[in-house]
Amino acid sequence: APISYALKQYELYGFVSDAMLVSVIIQVVYVTKFFWWETGYFETLDIIHDRAGFMLCWGCMVWVPSVYTITTQYLVEHPHVLGQALAGTILVIGLFSVALNYLIDEQRQRFRRLNGKIKTWGKPAQFIEASYKTADGKTHTSLLLTSGWWGLCRKFNYTLELMAAFSWSVPALFSHFLPYFYFVFLFILLVDRAYRDNSRCQNKYGEKWNEYCKKVKYMLIPGIF
């Protein structure tokens with residue numbers, strides 16, 4: 001969809017603005033990252049807890065292609081030039097956000113796959129063993145990673161998602177709210193999800209979750225929140 005919007009802008013005006021190019025590149029890299037990491041998606045809250053249903057299926061088929069690309073849709077008829085310095089800065093921040101988001105998710109996926117026997121930043125991974133009971137009365141154990149990227153804050157991957165979304169929205173500048181609709185929606189969604197997940201894990205792990213939160217104090221922004 002974003003590439004189609006870039007082609008439409010070229011059809012209308014005979015050029016593709018640097019604002020459009022930056023937004024399209026970040027979105028395409030983000031989507032490429034998603035499919036590269038597709039198996040990891042099955043370990044996310046969407047699948048494990050919310051599970052596939054009407055909301056998730058409708059969202060993936062209708063909401064995602066319409067709303068994720070709303071900035072490039074807006075830019076079709078509102079072309080403007082950012083200039084090399086601003087365009088380059090936004091592009092670097094956006095690509096950095098997508099890349100770091102991948103590294104954070106990949107680190108946790110590898111940690112789970114190898115049952116904690118990995119190194120984070122050159123040192124053996126630190127973690128807390130937390131037990132919980134399922135509805136059938138059986139006891140299971142989860143490993144809560146407290147080092148590496150996941151030692152900085154509990155939902156750092158959400159912060160990078162928001163940075164990426166803002167990066168492909170801000171090329172539209174600030175003349176209208178519409179290009180930021182997705183970013184605002186995502187902000188509300190992820191903050192709510194972070195709190196819901198925190199509450200769910202508190203009920204699931206009890207005192208071990210409190211111990212984990214003492215080690216990883218921050219939720220979204222290291223040293224701040």
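Which residues form one aromatic cluster? Tyr 30, Trp 58, Trp 63, Tyr 68, Trp 168, Phe 181, Tyr 182 and Phe 185 do. The close-up views described below are taken from a predicted model.

**View 1. The aromatic cluster and the aromatic pairs.** The cluster brings together Tyr 30, Trp 58, Trp 63 and Tyr 68 with Trp 168, Phe 181, Tyr 182 and Phe 185. Across the whole structure, a search finds 20 aromatic pairs. One of them joins Phe 174 and Tyr 180, which is stacked because the ring centres are 5.5 Å apart and the planes stand at 5°. The two partners of this pair are treated separately for accessibility: Phe 174 counts as exposed, at 63% relative accessibility, whereas Tyr 180 counts as buried, at 9%.

**View 2. Helix α2 against helix α8.** Two packed helices are described by the angle between their axes and the distance between the axes. For α2 (residues 18-36) and α8 (residues 156-169), the axes come within 8 Å and cross at roughly 145°. On the α2 side the contact is made by Ser 23, Ile 26, Gln 27, Tyr 30 and Lys 33, and on the α8 side by Glu 161, Ala 164, Ser 167 and Trp 168. Sorted by class, the residues of this contact are four nonpolar, three polar and two charged. Tyr 30 and Trp 168 are also members of the aromatic cluster.

**View 3. Ser 169 in helix α8.** Ser 169 belongs to helix α8. With a relative accessible area of 0%, Ser 169 is buried. Its side chain reaches the backbone oxygen of Ala 165 at a distance of 2.8 Å. Beyond residues up to four places away in sequence, Ser 169 touches Thr 71, Pro 179, Tyr 180 and Phe 183. Tyr 180 is the residue whose ring stacks with that of Phe 174.

View 4. Leu 173 is placed in the loop between α8 and α9 (181-205). Its relative accessible area is 33%, so Leu 173 is partly exposed. When neighbours within four places in sequence are set aside, the contacts of Leu 173 are His 80, Leu 82, Leu 86 and Tyr 180. Leu 173 and Ala 19 are 154 residues apart along the chain, and their C-alpha atoms are separated by 8.9 Å.

**View 5. Gln 9 in helix α1.** Gln 9 is part of helix α1 (residues 2-13). Relative accessibility is 0%, and Gln 9 therefore counts as buried. The Gln 9 side chain reaches the backbone nitrogen of Ser 17 at 2.8 Å.

**View 6. Asn 115 in the loop between α7 and β1.** The loop that holds Asn 115 runs between α7 (84-113) and β1 (119-120). Asn 115 has a relative accessible area of 51% and is exposed.

**View 7. Lys 204 over Tyr 132.** Lys 204 lies over the face of Tyr 132. The distance to the ring centre is 4.2 Å.

Methods
Residues numbered from 1 in each chain as written. Predicted model: local features only at pLDDT ≥ 70, side-chain atom pairs only at ≥ 80, totals over all residues. Heavy atoms only, no water. Helix = DSSP H or I, 4+ residues; strand = E, 2+ residues; numbered from the N terminus. Buried < 20%, exposed > 50% of the residue type's maximum accessible area, 1.4 Å probe, protein only. Polar contact = N/O pair within 3.5 Å; in protein donor to acceptor, adjacent residues only side chain to side chain. Axes fitted to C-alpha atoms, helices over the stretch in contact; angles between N-to-C directions. Contact = heavy atoms within 4.5 Å. Nonpolar A, V, L, I, M, F, W, Y, C, P; charged D, E, K, R; others polar. Phe/Tyr/Trp six-rings, centres within 6.5 Å; stacked < 30°, edge-to-face > 60°. Lys NZ or Arg CZ within 6 Å of the ring centre and 35° of its normal.
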